[in-house]
Amino acid sequence: MDRPNVAKDELRRLFVAIDIPADVKERALEMRRALEADGWQARWVKPEALHLSLRFYGNQPVDSVPGLIERLRFATGAAHAFELRTASAGLFPNARRPRVIWLGVEDHTGTLAQIATSIERESRDYGIDPETRPFRPHMTLARVRPEEIATIHDISRHFAGFERLAPLRFEVDHCSLIRSELRREGPIYTVIERFDLGSS
C-alpha cells in the first residue's frame, strides 16, 4: 500500500508480532554468550526487542493505519490463547553463508499458522501487497555481516548443543501492531495497538 509522493513523515514502518517472555529472552542470551565465547561476531538483537513476527508490512501511509487495525482486530478476534514452545535454532539462508541466526518455535495446536493466515488474508484484502515468502515462525537473534562470516566456525557443535536444551513453553494471549523506527543504535519499537485473542 505504499503510495507515490508520500512524504517520509507520513509513513510508518509496521509489523505484527508476538511478545516474548523473559525466560525465552534469557535462553537467547545464553545462546549469544556461548557463540561469542567461541569468537562469533554478529549484530545481536537486544533482549527487550526480541519478538516473533507474524507479518512485516514495511512503510505504510499513516492514514491507512486505522483501517489496518480494524482488519487485524477481525483477523485475531476468533482465535484463542494457545501455547508455543522453543524449538531448534538455525541460520538463514544456510550454514555456508549465514545472514541471520534464529531460534524457532513449535505450535502443536496449529493456531499460530491459522492466525498468520488470517492476518495475511485480511491484509491482502485491505490492499497490501501479498507476502511472497512462506511463513516460518522464528525469533531473529542476530544478523551477520559478510565480513563477519570468517569468524563463524564449528557451527554443528554449537547448534547440536542448542538442540539438547529443554524446550521452554509459553502462552500466547495477544499480538501487537508495532511501529519500527530505524536508528543508528538499533531499531526503536512502539506498540500501536494490542489485539487480545478471542476478543470478538
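Visitor: What should I know before I start?

Guide: This is a predicted model, where local features need pLDDT of at least 70 and side-chain atom pairs count only at pLDDT 80 or more, while totals for chains, interfaces and linings use all residues. Residues are numbered from 1 along each chain as its sequence is written, and side-chain values use heavy atoms, with hydrogens and water left out.

Visitor: Okay, what volume does the largest pocket have?

Guide: Rolling a probe the size of a water molecule over the atoms shows where empty space is left. On a 1 Å grid over the protein atoms alone, a pocket is an open set of points where a 1.4 Å probe fits, with protein on both sides within 12 Å along at least five of seven lines; lining residues have an atom within 4 Å of a point. Here the largest pocket has a volume of about 1,400 Å³. Of its 37 lining residues, His-51, Ser-53, His-138, Thr-140 and Arg-143 are the closest to the centre.

Visitor: Which strand gives the most to that lining?

Guide: Strands (E, at least two residues) and helices (H or I, at least four) are DSSP runs, numbered from the N terminus. Strand 3 gives the most, with five residues. Strand 6 (138-143) and helix 3 (111-125) are among the elements that each supply at least two.

Visitor: How many bridges join strand 5 to strand 6?

Guide: Two strands pair if DSSP finds at least two bridges between them. Strand 5 (residues 100-106) has five to strand 6, running antiparallel, and Leu-103 stands opposite Met-139. Strand 2 is also antiparallel to strand 6, joined by two bridges; there Trp-44 faces Ala-142.

Visitor: And helix 3: what span should it have?

Guide: The expected span is 1.5 Å times one less than the number of residues. For the 15 residues of helix 3 that gives 21 Å, and the end C-alpha atoms are 21 Å apart, which agrees. Just after the helix, Gly-127 takes a positive phi of about 110°.

Visitor: Is Arg-27 buried or exposed?

Guide: Buried means under 20% relative accessible area, exposed over 50%, partly exposed in between (1.4 Å probe, protein chains only). Arg-27, in helix 1 (residues 22-37), has 11%, so it counts as buried. Leaving aside neighbours within four places in sequence, Arg-27 is in contact (heavy atoms within 4.5 Å) with Thr-86, Leu-103, Leu-165, Ala-166 and Leu-168.

Technical notes:
Grid points are joined across faces, edges and corners, and a volume is the space filled by probe spheres set on the points.
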